[in-house]
Amino acid sequence: MKTIHSLIKATLGAVVLLSVVGCEKNLYDEQAYEEFIKYNSPVDSVDQYHEWKLTAERSYQIKANVDFDIEKAMLLTANPLTTSSTVYIMNQSPMAKGESKWLTVSVPLTQTTLYAALVDKDGYYYVKSFPITQQEVDFSGALNSGTPLGTLKPQTYTYIYEKDFPLCGDYDYNDVVMRIGLERTESKQMQIHVTLAAVGCDVQCAAFIRLLGVNYNAIDSVTTINGKTFDDKLPAGSREMINNTQTYRTGQKGTEAVITLFNDAHWAMDNTQILTENSGSIPVRKIYNTSLTVGEEYESRPVVSQTYTVYFNSEEAVDKMSLESIDPFIVAFYNSARYETHLDSYKAAQVMYQYNVEAKIKDLPWALLVPSADFKYPLEGIQLGFRKRTDTGVVFNDGAYATSGRSFGEWVENHQSCLNWYNYPETDKIWIFF
């Protein structure tokens, strides 16, 4: 099987080499471009109804109809009174007894039950479970109560990127890997926790977060801890990517709320490194945390994190914020222009920069949101999933997520299938550290 699989990949590679020149020449010839993409796609058949979503936005009305004093309400992924492992806070809000409030959350498509909690000033929890289809959570009647057994953390997802938009990449989805969590800290205040976990490419990549549906003027300010950013001591040669490095800014339209994360992912991962000798202004572009090889090109490093505190002008705006409300995207140079790589839902957004993309590609996306705080992304050069059929109809599954019946490739072929593929990695093909 391995030999035949290698032959298939080699044949596809030869086709790509023969097509590259024509693809570059006719980049916006839709038919030629889609044929080129298909040659490179690791999956034979892509579900044309795919939206590349593993989560959904839902809103719930919390009714604190109780006769005891409380300080806040929470929506949780699990019952903190019976779960000793990590429970994630999906949203929370200050609340007093007798109040009612709608809270918006991001729900993984595999989740069927959620948990609401009312919490008093002593940290005592009153918990109620409910199906995700139930919009109203009424706290009258018998409740489970007590103190949490494990740790509660802000809900956090992993965002994985291919840098090559609008061209096809190698589909290992580790060019930039970020883990992002939201945490409401006050009635009008929210923190965005960003961890840069890996940089699996050798070109400069910048990153932003757009707050969806939020007007620039709806936010008073955005700050970071001690005023530090991922761009601290950034060398001059890396500042060409973003000409305005304000932490909080607008997009091209002048109304979007946008947070600048970093100018240069490599510098963000290692801002103590030696700069290149030619000008002393560009960092060495090693590949971080994606390869087990140790040498000049590859290096493993601790992940780096930054917290952004967002001060809203209204409490209601924060009630509506969830991980469905953000659009984290990266930026890289292509043909001397800056191209943005978004999740598929926002692929055409062009928030910060203008560029020309005419092809309507319906194949694998350049970025994915995985509803896991510790998703194990592929090693360098290992595709997220490979699923091809030979002329005899035999199917070959390979890649980092290739478990039959739970594979990434099967999800690609059917958007309603294998919605939990990200829980079943091939352990020898993923980055397991940090």
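# Close-up views of a predicted model

**View 1. R301 is partly exposed, with a relative accessible area of 21%.** Partly exposed means between the two limits: buried is under 20% relative accessible area and exposed is over 50% (1.4 Å probe, protein chains only). The structure is a predicted model, in which local features need pLDDT of at least 70, side-chain atom pairs count only at pLDDT 80 or more, and totals for chains, interfaces and linings use all residues. Residues are numbered from 1 along each chain as its sequence is written, and side-chain values use heavy atoms, with hydrogens and water left out.

R301 forms a salt bridge with E299. Their closest N and O atoms are 3.5 Å apart. A salt bridge here is a side-chain nitrogen of Lys or Arg within 4 Å of a carboxyl oxygen of Asp or Glu. Shared partners link D270, K286, E299 and R301 into one network of salt bridges.

**View 2. Two further salt bridges, K163 with D164 and D344 with K347.** By this rule, the structure has 18 salt bridges. In the pair K163 and D164, the closest N and O atoms lie 2.7 Å apart. K163 is buried, at 18% relative accessible area. D164 is partly exposed, at 22%. Between the side chains of D344 and K347, the N to O distance is 3.5 Å. K347 is partly exposed, with a relative accessible area of 22%.

**View 3. An open sheet of six strands with mixed pairing.** The strand order is β8-β6-β5-β2-β3-β9. Strands (E, at least two residues) and helices (H or I, at least four) are DSSP runs, numbered from the N terminus. Two strands pair if DSSP finds at least two bridges between them. Look to the edges for β8 (144-146) and β9 (152-154). Each has a single partner strand, so one side of each is left without a neighbour in the sheet. Neighbouring strands are turned by 35° against each other on average, direction ignored. Such angles use axes that are lines fitted to C-alpha atoms (for helices, over the stretch in contact), and run from 0 to 180 degrees between N-to-C directions.

Now follow β3 (residues 87-94). It runs parallel to β9, and three bridges join the two. I89 has P154 in β9 as its bridge partner.

**View 4. An open sheet of five strands with antiparallel pairing.** The order is β15-β16-β13-β20-β21. β15 (248-249) and β21 (337-341) stand at the edges. Each of these has a single partner strand, so one side of each lacks a neighbour in the sheet.

**View 5. Strand β13 and its links to β20 and β16.** β13 (residues 206-215) pairs with β20 (residues 326-334) over six bridges, in the antiparallel sense. I209 has P328 in β20 as its bridge partner. Six bridges also join β13 to β16 (residues 256-262), again antiparallel. Here L211 stands opposite A257 of β16. Eight of the ten residues of β13 are buried, so the strand is largely enclosed by the rest of the structure.

**View 6. The aromatic pair F408 and W421.** A pair of aromatic rings is described by the distance of the centres and the angle of the planes. Rings of Phe, Tyr and Trp (its six-membered ring) pair if their centres lie within 6.5 Å; planes under 30 degrees apart are stacked, over 60 edge-to-face, and the rest tilted. The structure holds 20 aromatic pairs. The ring centres of F408 and W421 are 5.0 Å apart and the planes stand at 70°, so this pair is edge-to-face. F408 lies in helix α5 and W421 in the segment after α5, so the pair ties together parts 13 residues apart in sequence. F408 is buried, at 0% relative accessibility. W421 is buried as well, with a relative accessible area of 0%. One aromatic cluster is formed by W52, F375, Y401, F408, W411, W421 and Y422.

**View 7. A nonpolar surface patch of L292, I432 and F433.** Together these residues have about 310 Å² of accessible area. Patches are made of residues with over 30% relative accessible area and no salt bridge; like charges are joined within 9 Å, and nonpolar side chains (Val, Leu, Ile, Met, Phe, Trp, Tyr) within 5 Å. Accessible areas come from the Shrake-Rupley method with a 1.4 Å probe, and for residues only the protein chains shown count as cover. I432 sits in the segment after α5 (408-413). At 48% relative accessibility, I432 counts as partly exposed.
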